[in-house]
Amino acid sequence: MTTTTLAVLVPLLPFLGAAAGLLLGRTAPGFVRPLAVLPILTALVVAAVVAVRQGGDAAVDAATELTPTGSVPIELALHIDGFAALVAVLVCMVATCVQIYSTGYLRDDPRYPSYAALVSLFTSAMLLVVYTGDLIVLLVGWEVMGICSYFLVGHYWETPEARAASIKAFLVTKLGDVPFLLGLFALATDAGSFRITKVLDTVAHGGLDHPTLIALLLLAGVAGKSAQFPLHTWLPDAMAGPTPVSALIHAATMVAAGVYFVARLLPVFEASQAAMVVLAVMAAVTMVGSGVAALAQDDIKRVLAYSTIGQLGYMTGALAVGDRGAAVFHLLSHGAFKGLLFLAAGVIIHAAGTNSLAAMSRMSHLRDRVPDAFWTMTVALLALAAIPPFSGFFSKESVLGAAEHVTTGHTEHAPGAAGWLILVAGLITALLTAAYATRLWLLAFRGRGAEAPDHGRQPRSMTVVLWVLAVPSLALGGLAYRTLPDWFDGNDLTPALTTSVIGTGVALAGGLVTYAAWRHLTALTAVTPIGAVAAHPEGDAAQVEAEAIATHAPAYGDVASAPDPADPGRLLLGPLHRHAAVGFHLDAVYQALFVRPVQAGASLVRFLDREVVDTYVRGAGALPRWLGIAVRRAQTGNVQTYVSALLAGTVVLAVAALLVASGA
Amino acid sequence: MHLAYPAVLAALLFCTGLYGVLARRNAILVLMSVELMLNAVNLNLVAFDVWLSRAAEETLHSGQALTLFTIAIAAAEIGIGLAIVLAVHRNRGTSDIDRLRDTAEGHESPTADGHDNDAPTIDGTEKAEATA
Amino acid sequence: MTLASAAATASLAASGPHGFLSPTGVEIAFLLVGLATFGAALVTVTTRQLVHAALWLVVTLGGLAVEYLLLTAEFIAWVQVLIYVGSVVVLLLFGLMLTRAPIGRSPDADSGNRWAALTVAVAAAAALVWVVVDAFRATWIDLDGPAAGSTEVTGASLFQNWVLPFEALSVLLLAALVGAIVLSRKAKAESSSPPMNARGATQSSRSVTESSPPGPDTRQDPAEQEGAR
């Protein structure tokens, strides 16, 4: 089979799996698990073959036009370069792990068939985004991901948190998607085509008429999808979904799509200096803000969610300094270790019966209950904190190196200010990342107090995938930083000495400070009992998690934070903690800026509908009714009255006819 | 003779009959008014027949023939009409046509109690009076 | 109007000029009899005494017969006298008697519809008179020569050209006869059934003896009861 055929199979197989899963889910429950796992596993193999065949050489391009669609043609096009091939492999790998993990995680869930089918569809949409060479087809995958995330985040729709989170995720991403759509249209109008290759050709020849406008419009969509400031607020709330879905969203699909899109169309953004500066500011604010917020979260998954936002900030930062190789490198390594972090967090939540770090810090021997999760999570947290030689170190250093490259005067792609901004923000974030990673590890695995409950061994399907993902988390960066430039633009991804030393130094400093704070507060842990565990420890992991999420707000007063005086984050942040826990009141700002006006508008519309429109409607109904009453009163039964009216009408008609006939 | 004389007379008589039909309460008086209207038409027919038999040399005398037919039919009509009026009078105890309001809105159908004794019929009459 | 004017010119050519303001004797007679007829008709439809209405109808119908004679339609005139004055009015009088119509002035001979009826009638009269006068302003009937409606002419026309409708008319009359009998007999047949019989009995007893208890029927207008007396 040609590479093109194989590439078409990659998104198609999960899609067919999803369709078959939805059709057969009720009638043949035995087929659901194979239908969930096998297509994506095959897609992984095929994607790997495609990547090997592509090999970082010239991009594979293929296009067919199904039907003419007006002035700007829409084609089913493939455009597979090194980025697409490698990202597709990552997506398939994480999705395979998630599907296998889900068979254990949602073992007893009655809605597992539709869940698995939606995960497959989600993956298929992401693969479509990755492989497509046409912007409209990309948009199709983009929006399918949006609706899938809505369904999957709302999987536990019995809980109000999940319902609110799914609607929020959908609406906030849509807030970005509307300008994104307009930007795509503007771009295609300027370039005369939706094909990415032609768009890039046009950009290379300076053919864009409104580069800044287009870039900013597209950035809005990217910010929504990739959870960048100020449209990131949906991502922490999306933790109300099942943990495997979080892993999928954070590691491979949804949030990676925005970064990947910018990486694909980076020349379009580079055509506008203003857009690059906006991108840099967006990345810097996102990075630092999310790091601080992550330090204040109590829900283990929310910590990881804010960390995802921060790492995505690194990727957009790399794009802002014009190095998409570094961005995609970090995307790949982050995909591996963040998927691992979430899946391990799922195991921990199941074992501990709670998602609260405050409660975990009062359990001893949790790491002995879940040794697989402990070791793999340690690896992943080290990768997250960018400690050499884990893969996160290499990818993050490539980002910082790219920023430093720009600050030293190589500003042909990006303004120097952006370089400085990214460099400083990146170093601060490295400190914060190490701090919250250490806090997470210490609170989860070094708890003191009652022994953690023993629920027996975790399902093998949930532990094996952790080790599978631990391998790239550990080794991908070190093994790949020399070969990856051949697949990408050719920019060197080797860590620079200066940034490596400084970055590792601040990371170690962050970790040590956190450790010191934790030691300082250890005594307090025993004094203040706090915590609540799930009521059904024997249920499957999904049930435990749903209960943990639903009870967090009643037990601790808030979905995000807990009043735990022994929390090192509270000591480190000081007065900032209160604001960081609620995401710097951005939700309140949105509440004031968007939700209240919309609700006021809605109540206005309701008032207009009830009082004004309905008045007309009622009037329209009342007039015929009055007429009917009047006509009914005329029905006296008196034949003479009837005949009088009849003859009067006849006379009138006759006179009228005469007047007309005589020409009067 | 000026044709307008019989034509105007016929028109006036017709309208007089019309007034009678619309204004009279007793059904037999209404029948009389109908006769007036018929006679007005007859006068028209005769007058125009006489005019046309000369002016257009019409030899069929269709006007007079139609007049005869009208007279015959009027006789038949008055017979049937009186029979109906008598039947109504016998059943309802009245021949005032503005009391025969079975078609009025909100009037109960009298067929339901047609075989009952005269109490429901009187009920209907009362209702008709109430609405009148 | 074109037909009328054409006819007018034809009659002008045939019998010379006529004076509109110089009526002939026939016209004067027609006018006077017409006035009497119209007046009698007005009284017929306005009088409060029902039997008088029938008698004024006799005057109206008789006047119309005279008008037919003046129009030289003698056969029609005699048929009018025979059938209308002779039979129809008698039938109507019988009807009045059988429905126990009151003798003397009855205050409610006219219904509440009177003013609407007057309006409609006056409007119709105005329209019709206007149209007729406008159409036949200059048309004259030539009454000289052989009578247009003599019995001979009418009979010849009737039995030469109108035989079939004439025979069909006899069928219609037969049907009317049968219908009238059926209508009358039906009431009698129903009166043999118990409820109808009971009602007929109370009514007859009331109307004859006046000693019946004051039932719902006594609510009927006193004029009718007076007539029944």
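What share of the contacts in chain A with a separation of 6 or more comes from residues 24 or more positions apart? The share is 81%. Two residues are in contact here if their C-beta atoms, placed from the backbone, lie within 7 Å.

The structure is a predicted model, in which local features need pLDDT of at least 70, side-chain atom pairs count only at pLDDT 80 or more, and totals for chains, interfaces and linings use all residues. Residues are numbered from 1 along each chain as its sequence is written, while chains are lettered from A and ligands numbered from 1 in the order in which they are written. The predictor gives the complex an ipTM of 0.76 and a pTM of 0.65.

Chain A holds 28 helices and 4 strands. Helices (H or I, at least four residues) and strands (E, at least two) are DSSP runs, numbered from the N terminus. Of the 664 residues in chain A, 57% are buried. A residue is buried if 20 or more other C-beta atoms lie within 10 Å of its own, exposed if 12 or fewer, and partly exposed in between; the C-beta atoms are placed from the backbone. Strand E2 (residues 76–80) of chain A has 4 of its 5 residues buried, so the rest of the structure largely encloses it. E2(A) pairs with strand E1 (residues 60–64) of chain A. The sense is antiparallel, over 5 bridges. Two strands count as paired if DSSP finds at least two bridges between them. Ala63(A) has Ala77(A), in E2(A), as its bridge partner. In a regular strand the side chains alternate between the two faces of the sheet.

Chain B has 4 helices and 0 strands. The order of elements from the N terminus is α-α-α-α. Buried residues account for 61% of its 132 residues. Among contacts in chain B between residues at least 6 apart in sequence, 49% join residues at least 24 apart. Helix H1 (residues 4–23) of chain B is mostly covered, with 19 of its 20 residues buried. At 1.5 Å a residue, H1(B) should span 28 Å, and its end C-alpha atoms are 28 Å apart, which agrees. The expected span is 1.5 Å times one less than the number of residues in the helix.

Chain C meets chain B through 88 of its own residues and 72 residues of chain B. H5(C) supplies the largest share of the chain C side, 12 residues. By class, that side has 58 nonpolar, 21 polar and 9 charged residues. Ala, Val, Leu, Ile, Met, Phe, Trp, Tyr, Cys and Pro count as nonpolar; Asp, Glu, Lys and Arg count as charged; the others, Gly among them, count as polar. The contact between chains C and A takes 9 residues from chain C and 10 from chain A. There, the chain C side has 7 nonpolar, 2 polar and no charged residues.

The unreviewed UniProt entry lists "transmembrane region" for several spans of chain C, including residues 75–94 and 162–183. Such annotations may be inferred rather than shown by experiment; positions follow the numbering used here, and feature names are shortened. Residues 75–94 of chain C are 100% helix and 0% strand, with end C-alpha atoms 27 Å apart.

Confidence in chain C averages a pLDDT of 75, and 71% of the residues score at least 70. pLDDT is the predictor's confidence in each residue, from 0 to 100. Over residues 1–16 of chain C the pLDDT is below 50. It also stays under 50 over residues 192–229 of chain C.
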